[in-house]
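Let us take a friendly walk through this protein chain, from a single residue out to the whole fold. Keep the viewer open as you read.

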Amino acid sequence: MKYIIFDLDGTLIDSMPVWRGTGSNFLKNHNFPVPANLMEVVKTQTIWQTAEWFRSELGVPMEAKEIVDEIVASVVEAYRHTIPLKEGAKEYLEAMAAKGTKMCILTASEADYILPALERLDIRKYFTHVLTCTELGKYKDDGVAYLEAMQRMGGTLEDTVVFEDAYYAVKGAKSAGFQVYAVLDEVVREDDIDKIKTAADICIHSYNEL
């Protein structure tokens, strides 16, 4: 592989436990019932899409920015100070960089809180681009965002690999024609794990396996 597109949360950094419950906690704090399908909906969305969904579908009487700011405030300190890398991730990045592989990050998270984490963990230097779905206005479920990231790096479908941890994202990247390596995260539901194993080309629990 000459080019790699990395997801961030759950793929390079172990941040998914921090996000677990943030949406439901927000709704509870504002005395709104938590829908049974909340996790199914928000796991495919950016935080801005989730905020708009809270407004349009659940009737939350706040501006999207207010919702986003409150949810981000609940996790930003963890990004700045405590969220660790996934096992073997930095060593793998170093090895790929030494081979001349070009790498970028494509994330549904937002730049204002992920960039401090990348700097703290000393991995920003490995990536030609750090792209967010919000900034691109393109998303992972249909694969379009991956194609944009590939084009920005100068890669092709034949020489670009995607690393992801979520089923919807694996499925989206595959639909766009990419080879996909899935990082199996322990917070992912078992039925999604089975789907990921079927959809991805290669599945790993740790970068030490590569």
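## Starting from one residue

Does Ile67 count as buried or exposed? At 0% relative accessibility, Ile67 counts as buried; here buried means under 20% relative accessible area, exposed means over 50%, and partly exposed is in between, with a 1.4 Å probe and protein chains only. You will find Ile67 in helix α5. Helices (H or I, at least four residues) and strands (E, at least two) are DSSP runs, numbered from the N terminus.

Setting aside neighbours within four places in sequence, Ile67 is in contact with Phe26, Ala51, Phe54, Arg55, Val60 and Met62, where contact means heavy atoms within 4.5 Å. Thr46 lies 21 residues from Ile67 along the chain, and their C-alpha atoms are separated by 13 Å.

## How to read the model

Please keep in mind that this is a predicted model: local features need pLDDT of at least 70, side-chain atom pairs count only at pLDDT 80 or more, and totals for chains, interfaces and linings use all residues. Residues are numbered from 1 along each chain as its sequence is written, and side-chain values use heavy atoms, with hydrogens and water left out.

## The whole chain

The protein chain has twelve helices and six strands. Its C-alpha trace spans about 50 × 35 × 30 Å along the principal axes. A compact globule of 210 residues would have a radius of gyration near 17 Å, and the 17 Å of the protein chain agrees with that. This radius is taken over C-alpha atoms, and the globule rule is 2.2 Å times the number of residues to the power 0.38.

Of the 210 residues, 51% count as buried. Among contacts with a separation of 6 or more, residues 24 or more positions apart account for 66%. The chain exposes about 9900 Å², and carbon and sulfur atoms supply 49% of that area; accessible areas come from the Shrake-Rupley method with a 1.4 Å probe, and for residues only the protein chains shown count as cover. As for charge, the mean positions of the 22 positive and 34 negative charges are 3 Å apart. Lys and Arg count as positive and Asp and Glu as negative, while His and the chain ends are not counted; each charge is placed at NZ of Lys, CZ of Arg, CG of Asp or CD of Glu.

In helix α2 (residues 22-29), the buried residues are Thr22, Gly23, Ser24, Phe26 and Leu27. They pack against α1, α3 (38-42), α4 (47-58) and α5.

The structure holds twelve aromatic pairs. Rings of Phe, Tyr and Trp (its six-membered ring) pair if their centres lie within 6.5 Å; planes under 30 degrees apart count as stacked, over 60 as edge-to-face and the rest as tilted. Phe26 and Phe54 form a stacked pair, 5.7 Å centre to centre with 15 degrees between the planes. Phe26 lies in helix α2 and Phe54 in helix α4, so this pair ties together parts that are 28 residues apart in sequence. Phe26 is buried at a relative accessible area of 3%, and Phe54 is buried at 0%.

## A second stacked pair

Phe163 and Tyr207 also form a stacked pair, 5.9 Å centre to centre with 20 degrees between the planes. This pair links distant parts of the chain, with Phe163 in strand β4 (residues 160-164) and Tyr207 in the segment after β6 (202-204), 44 residues apart. Both Phe163 and Tyr207 are buried. They belong to one aromatic cluster formed by Phe6, Tyr92, Phe127, Phe163, Tyr181 and Tyr207.

In helix α8 (residues 111-120), Ala111, Tyr113, Ile114, Ala117 and Leu118 are buried. These residues pack against α1 (16-19), α5 (64-73), α6 (76-81), β2, β3 (129-132) and α9 (133-136).

Which residue with a positive phi follows α8? That is Asp122, with phi near 60 degrees, found in the loop between α8 and β3. Asp122 is partly exposed, with a relative accessible area of 35%. Asn31 has a positive phi of about 60 degrees although it is not a glycine. Asn31 lies in the loop between α2 and α3 and is exposed, with a relative accessible area of 71%.
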